[in-house]
Amino acid sequence: MLEYYRFKSVLDLFLKGREEEAKEELTALQRRYVALCDENLAFKMQVQEYEDVLYLARNMIFDGEFYWLVTGSIRQGPFCPNCWNHDGLLVRLAGEPESRLCTQCRTEFRAKEPRLPLAASASAGGFRDMEMFPPPVCEERKARVIPFHR
């Protein structure tokens with residue numbers, strides 16, 4: 001903590017004509033002030049990192065296969081479950097729904113059954129395999145953004 005009474009002692013030293021001592025004291029106060037500002041900035045950055053982690057934890061959804069980030073009504077992703085679970089990394093998967101690749105851990109995810117477009121399944125004799133079309137995750141569970149007080 002910065003000792004404010006030391007500023008008065010610097011002024012007193014200047015008024016008494018002891019300028020060299022006052023300059024040394026003032027220089028020490030300036031160094032302490034800069035150190036405190038640096039420490040304060042580091043704490044602010046740390047708090048921001050914790051807020052970011054908390055935001056992700058509240059808005060990440062696992063659909064049984066991949067992670068998705070839900071912001072309002074927008075679902076972003078999919079993200080690699082291996083990288084998220086093991087390293088806390090949010091790595092978007094590349095590729096098509098039938099075959100996705102994580103560029104970080106190089107894991108390939110293949111669809112268990114190919115998903116037919118809705119029109120193709122209807123023209124092929126009705127909706128016999130409705131489990132192939134799971135409901136979108138974001139419709140059932142809405143994400144809430146909780147503001148942080150500063």
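This is a predicted model: local features need pLDDT of at least 70, side-chain atom pairs count only at pLDDT 80 or more; totals for chains, interfaces and linings use all residues.
Residues are numbered from 1 along each chain as its sequence is written, and side-chain values use heavy atoms, with hydrogens and water left out.

**The helix pair**

- Helix α1 covers residues 5-15 and helix α2 covers residues 19-59 (helices are DSSP runs of H or I with at least four residues, strands are runs of E with at least two, both numbered from the N terminus).
- Their axes come within 8 Å and cross at roughly 160° (axes are lines fitted to C-alpha atoms, for helices over the stretch in contact, and angles run from 0 to 180 degrees between N-to-C directions).
- That makes α1 roughly antiparallel to α2 (the label for angles over 145 degrees).
- Residues of α1 including Phe-7, Val-10 and Leu-13 meet a set in α2 that includes Ala-22, Leu-26 and Leu-29 (contact means heavy atoms within 4.5 Å).

**The sheet**

- Three strands form an open sheet in the order β1-β2-β3, with antiparallel pairing (two strands pair if DSSP finds at least two bridges between them).
- β1 (60-62) and β3 (74-79) sit at the edges with a single partner strand each, so one side of each has no neighbour in the sheet.
- On average, neighbouring strands are turned by 30° against each other, direction ignored.
- β2 (residues 67-71) pairs with β3 over 4 bridges, and the bridge partner of Tyr-67 in β3 is Phe-79.

Notes
Angles under 35 degrees count as roughly parallel, over 145 as roughly antiparallel, 65 to 115 as roughly perpendicular and the rest as oblique.
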